[in-house]
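Here are my notes on this model, point by point. Please read them with the coordinates open.

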Amino acid sequence: MAHLHTRLFGSLRIRLLAGTLLWIVASLVIAGWVLSGMFRHHVEQQFLAELKTHLDQLAANLEFDDKDRPALSSTLSDPRLSKPYSGLYWQIDGIASKQTPAEVGLLRSRSLWDGALTVPVEHSMEGEIHQHRIAGPGGATLGMIERTIFLNETRNQASRALRLVVAADEQLMIAPLERFNSSLWLALGVLGLGLVIAAIFQVAVGLAPLQRLRKALSAVRSSETQQLEGDFPAEIRPLVEEFNSVLVQNTEIVERARTQAGNLAHALKTPLAVLANAAAGENGELARLVSEQVDTARRQVDYHLSRARTAAAVRVPGRHTLFLPTVEGLVRVMRRVHAERQLELVVQPMADKLDFRGEEQDLQEMLGNLLDNACKWAKQRVEIQAILAQEQLVITLDDDGPGIATARRATMIHRGVRADEQVPGSGLGLAIVDDLARLYGGQVDLADSPLGGLRAILKLPSTYSD
Amino acid sequence: MRILVVEDEPTLATQLAAALRDADYAVDVAHNGVDAHYLGDDEGKPYDAVILDLGLPQMDGLTVLRKWRASGRTMPVLILTARDNWHEKVAGIDAGADDYLAKPFHMEELLARLRALIRRAGGHASAKLRCGRVVLDTRNSRVSVDGLPLTLTSHEFRVLDYLMHHQGKIVTRSDLIEHIYAQDFDRDSNTVEVFIARLRKKLPPGLIETERGLGYRLVSPQ
């Protein structure tokens with residue numbers, strides 16, 4: 001029940017449509033009912049008026065013959081009265097009195113053939129017209145009016161009363177009513193359908209900006225844009241503006257977190273440098289201990305700082321970073337830092353627009369660590385290649401160094417151990433790369449390089465498409 | 001060789017200066033960005049290398065570096081900083097730094113990198129500088145003649161070191177003064193002549209030529 005409730009009222013479209021639909025149906029039903037009622041009333045009045053005309057005609061044509069028996073001076077005009085069981089009938093009954101017994105069907109229309117109408121006995125005053133529904137021939141229901149005529153005493157007859165009856169099959173009234181009703185409901189149905197279609201169209205047009213909003217949001221999510229873009233109606237614009245300012249604020253919070261992490265690094269590392277240098281100038285147990293602990297502390301600081309950085313990563317949607325400028329910046333650093341080694345650093349040609357879906361700093365961190373490792377170990381040559389494969393940015397770094405035995409590769413990545421204590425560096429590099437890549441839904445793998453050393457393969461999400 | 005150390009943390013600055021003096025460098029120290037910029041921007045007294053911390057009061061290290069490079073200062077700069085993420089490294093190198101060292105560091109590594117920077121700035125590929133029979137090993141500051149070690153005083157070494165780095169070029173007396181003495185040292189131009197005379201006695205003859213009115217030149221005898 002709650003589920004159904006959520007489904008019905010959880011959708012603006014259904015809400016709006018249900019409301020409109022209810023209103024359309026209700027107003028059409030009421031209109032139909034009123035119109036149908038008015039028409040029925042009209043038809044009934046007409047039916048009665050017709051019966052009355054016949055009754056008047058009957059009364060006017062009523063004569064008495066020599067023996068005071070009633071007779072008609074002329075046949076009534078309506079041909080239906082002569083056609084058997086046509087549905088329109090008249091009949092004259094003699095009403096029972098002290099002197100005379102009741103005579104049902106004293107005179108009657110040809111249409112009654114050899115039957116007579118059974119009329120409920122009722123006393124009425126001269127001139128009063130009564131209305132009844134009675135059973136007629138063939139089981140039909142008849143609408144009937146009657147009028148009683150009182151005859152004064154004449155020479156050969158005592159005073160008596162005659163009842164003049166005109167009846168018609170109600171079908172004569174119902175048939176046009178039904179025809180009217182069916183056309184009425186058909187017309188109202190068509191009108192209703194038209195209104196519903198108009199309502200659906202209106203809701204679709206009215207809610208279209210929400211659809212656009214959804215698309216704009218998904219563009220932000222997939223990092224194509226950093227803000228909700230496009231024109232929105234005045235009702236939605238405040239929402240869009242608020243959302244955009246939340247996005248901006250988010251970015252600022254992350255920037256601040258990064259800055260704080262950097263400040264912490266600065267605050268901790270300078271005293272560590274002082275300690276390390278003080279200890280390096282001394283001999284003895286204390287100096288050795290300090291050196292050792294400073295190294296441990298430095299590694300811990302590096303590790304937790306990188307964790308803090310990765311924790312702040314990815315949270316900001318809408319960021320993407322071009323790959324080529326980033327790798328070129330890092331290559332410039334490598335050329336300077338490893339200038340002594342005169343390495344050949346080769347960036348293979350790649351699409352200019354190839355990008356990484358995420359923060360520039362995170363890409364620099366991953367790529368920088370991998371590139372630094374490659375440069376440390378390479379004899380002469382390091383090659384960097386990036387392609388788009390299965391909608392992922394696939395970066396390959398090759399070196400011609402000694403490589404790493406297959407068995408040790410997994411531990412290198414996951415525990416962040418140092419490949420060799422003799423090569424400067426924290427050894428956390430690969431673990432940081434792995435952490436960051438995973439956060440972005442990517443991964444880093446190590447393999448044999450065709451150059452003879454190690455190949456690092458970094459797979460990351462991209463917004464680029466060929 | 002004259003080195004400018006820019007570091008705002010006084011203890012670390014002192015340690016750096018001490019270690020560099022031990023390695024026979026003339027050392028000036030600046031504790032903030034404005035002083036550092038002023039000292040490094042003096043065309044008349046160029047430093048042979050700068051060790052630059054990035055997080056400085058008054059003017060940050062990167063700004064100082066950019067200003068130097070914009071006004072044509074080409075001395076090698078080694079950035080020393082606690083902020084060692086790659087973003088900062090790229091920014092540092094792009095601002096004109098020549099190398100990068102993260103805190104905390106080993107002093108030996110700093111000295112090795114500094115020597116390499118100075119050597120490369122003078123166009124020398126090898127860590128051992130040669131001039132005829134004389135070899136100066138920049139890694140351990142030892143001088144040998146025909147493979148036999150030569151004992152030099154600190155100032156004698158500084159003069160020879162500078163001349164070896166600038167082989168074949170004329171080095172003026174004031175050049176030598178600027179590069180062998182720290183800024184606050186009481187200088188006497190006559191002492192340069194004394195050091196040159198002592199070096200000439202210790203080194204094979206004809207190595208140090210005197211260019212009248214100009215200065216000295218270290219030449220490799222054919």
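1. Burial in chain A comes to 27% of its 466 residues. Buried is used here for a residue with 20 or more other C-beta atoms within 10 Å of its own; exposed is for 12 or fewer, and partly exposed is in between, with C-beta atoms placed from the backbone. In chain B, buried residues make up 46% of 222 residues.

2. This is a predicted model, in which local features need pLDDT of at least 70, side-chain atom pairs count only at pLDDT 80 or more, and totals for chains, interfaces and linings use all residues. Residues are numbered from 1 along each chain as its sequence is written, while chains are lettered from A and ligands numbered from 1 in the order in which they are written.

3. Confidence comes next. Chain B has a mean pLDDT of 86 (the predictor's confidence in each residue, from 0 to 100). In chain B, 96% of residues reach 70 or more. For the complex, the predictor gives an ipTM of 0.73 and a pTM of 0.61.

4. Chain A has nine helices and 14 strands. Chain B has eight helices and 12 strands. Both element types are DSSP runs, numbered from the N terminus: helices are H or I with at least four residues, strands are E with at least two.

5. Contacts next: two residues are in contact if their C-beta atoms, placed from the backbone, lie within 7 Å. Of the contacts in chain A between residues at least 6 apart in sequence, 62% join residues at least 24 apart. For chain B, residues 24 or more positions apart account for 61% of the contacts with a separation of 6 or more.

6. How do H2(A) and H3(A) cross? The axes of helix H2 (residues 12–61) and helix H3 (residues 171–221) of chain A come within 9 Å and cross at roughly 160°. Axes are lines fitted to C-alpha atoms, for helices over the stretch in contact, and angles run from 0 to 180 degrees between N-to-C directions. H2(A) is therefore roughly antiparallel to H3(A). Angles under 35 degrees count as roughly parallel, over 145 as roughly antiparallel, 65 to 115 as roughly perpendicular and the rest as oblique. The residues of the contact of H2(A) with H3(A) divide into 26 nonpolar, five polar and three charged. Nonpolar covers Ala, Val, Leu, Ile, Met, Phe, Trp, Tyr, Cys and Pro; charged covers Asp, Glu, Lys and Arg; the others, Gly among them, are polar.

7. The axes of H6(A) and H7(A) come within 10 Å and cross at roughly 40°. These two helices are therefore oblique to each other. On the H6(A) side, Thr326(A), Val327(A), Leu330(A) and Met334(A) take part. Their partners in H7(A) include Leu363(A), Leu367(A) and Leu371(A). By class, this contact of H6(A) with H7(A) has seven nonpolar, three polar and one charged residues.

8. Arg335(A) is found in helix H6 (residues 323–337) of chain A. Arg335(A) counts as partly exposed because it has 15 C-beta neighbours inside 10 Å. Leu345(A) is 10 residues from Arg335(A) in sequence and 7.7 Å away in space, C-alpha to C-alpha.

9. Finally, the interface. The contact takes 27 residues from chain A and 24 residues from chain B. On the side of chain A that touches chain B, helix H4 (237–280), helix H5 (285–312), H6 and helix H7 (360–377) each supply at least two residues. H4(A) gives the largest share, 12 residues. By class, that side of chain A has 13 nonpolar, eight polar and six charged residues.
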